[in-house]
Amino acid sequence: MTENEISGQILDAAIAVHKEIGGPGVLESYYETALAYELRSRGLKVETQKEIPIIYKGNEIGEPYRLDMLVEDKVIVECKAVEKNNPVFAAQVLTYLRLTKLRLGIVINFGMERIKEGYLRVANGL
């Protein structure tokens, strides 16, 4: 399955979660758990709160970052539940992509009225 095919499944699953749980006012962790459930029910491999070490000149430094979600070992998903989108969300995902050498990340802000307004693809060399 390609990154684009996976991202289509993620978008469909996010819409399903948003319809079921609702828009603004729910904690981010609930959306993340529901999205992981929805993706797994579609047969996708999902890892949540996956640690990625920070390597500097061959040495692991500091505490590892935690990805909200890694789908099919190819696409990073960062879940948010806030009133407004912030450019730092995309920057954060791009950093994760560079650290993992993956090519596609998605920010989903469930705090928006519609998923379409809170869904952002972030590419790293795609």
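Which residue in S3 does Leu70 stand opposite? Leu70 faces Ile76 across the pairing. The points below place that pair within the fold of this predicted model.

1. **Overall composition.** The protein chain holds four helices and five strands. Read from the N terminus, its elements follow the order α-α-β-β-β-α-β-α-β. The radius of gyration is 14 Å, close to the 14 Å given by the globule rule for 126 residues, so the chain is as compact as a globular protein of that length. Along the principal axes, the C-alpha atoms occupy a box of roughly 45 × 30 × 25 Å.

2. **Sheet architecture.** The five strands build an open sheet of mixed pairing, ordered S1-S2-S3-S4-S5. Strand S1 (46-56) and strand S5 (119-123) form the edges; each has a single partner strand, so one side of each has no neighbour in the sheet. From one strand to the next, the twist averages 35°. Strands of a sheet pair through backbone hydrogen bonds, in either a parallel or an antiparallel sense.

3. **The S1-S2 hairpin.** Nine bridges pair S1 with S2 in the antiparallel sense. Among the bridge partners are Tyr56 and, in S2, Asn59. Two residues separate the strands of this hairpin, and Lys57 in the turn adopts a positive phi of about 50°.

4. **The S2-S3 hairpin.** S2 and S3 also run antiparallel, joined by three bridges. The hairpin has three residues between its strands, and Glu72 takes a positive phi near 55°. The pair named at the outset belongs here: Leu70 stands opposite Ile76 in S3.

5. **The parallel pairing.** Strand S3 (residues 75-80) and strand S4 (residues 104-109) run parallel and are joined by six bridges.

6. H1 lies across strand S2 (59-71), S3, S4 and S5, and its direction is at about 10° to S4. Helix H3 (residues 87-100) likewise packs on the sheet, where it touches S1, S2, S3, S4 and S5. The direction of H3 makes about 150° with that of S3.

7. **The H1-H2 contact.** What angle do the axes of helix H1 (residues 3-21) and helix H2 (residues 28-41) make where they cross? They cross at roughly 125° and come within 9 Å of each other. The two helices are therefore oblique to each other. The crossing of H1 past H2 is right-handed.

8. **Residues at the helix pair.** On the H1 side, the contact comprises Gln9, Ile10, Ala13, Ala14, Ala16, Val17 and Ile21. These meet Tyr30, Tyr31, Ala34, Leu35, Glu38 and Leu39 of H2. By class, the contact has 11 nonpolar residues, one polar and one charged.

Key:
Residues numbered from 1 in each chain as written. Predicted model: local features only at pLDDT ≥ 70, side-chain atom pairs only at ≥ 80, totals over all residues. Heavy atoms only, no water. Axes fitted to C-alpha atoms, helices over the stretch in contact; angles between N-to-C directions. Parallel < 35°, antiparallel > 145°, perpendicular 65-115°, else oblique. Left-handed = near helix turned anticlockwise from the far one by under 90°. Contact = heavy atoms within 4.5 Å. Nonpolar A, V, L, I, M, F, W, Y, C, P; charged D, E, K, R; others polar. Pairing = 2+ DSSP bridges. Rg over C-alpha atoms; globule rule 2.2 N^0.38 Å.
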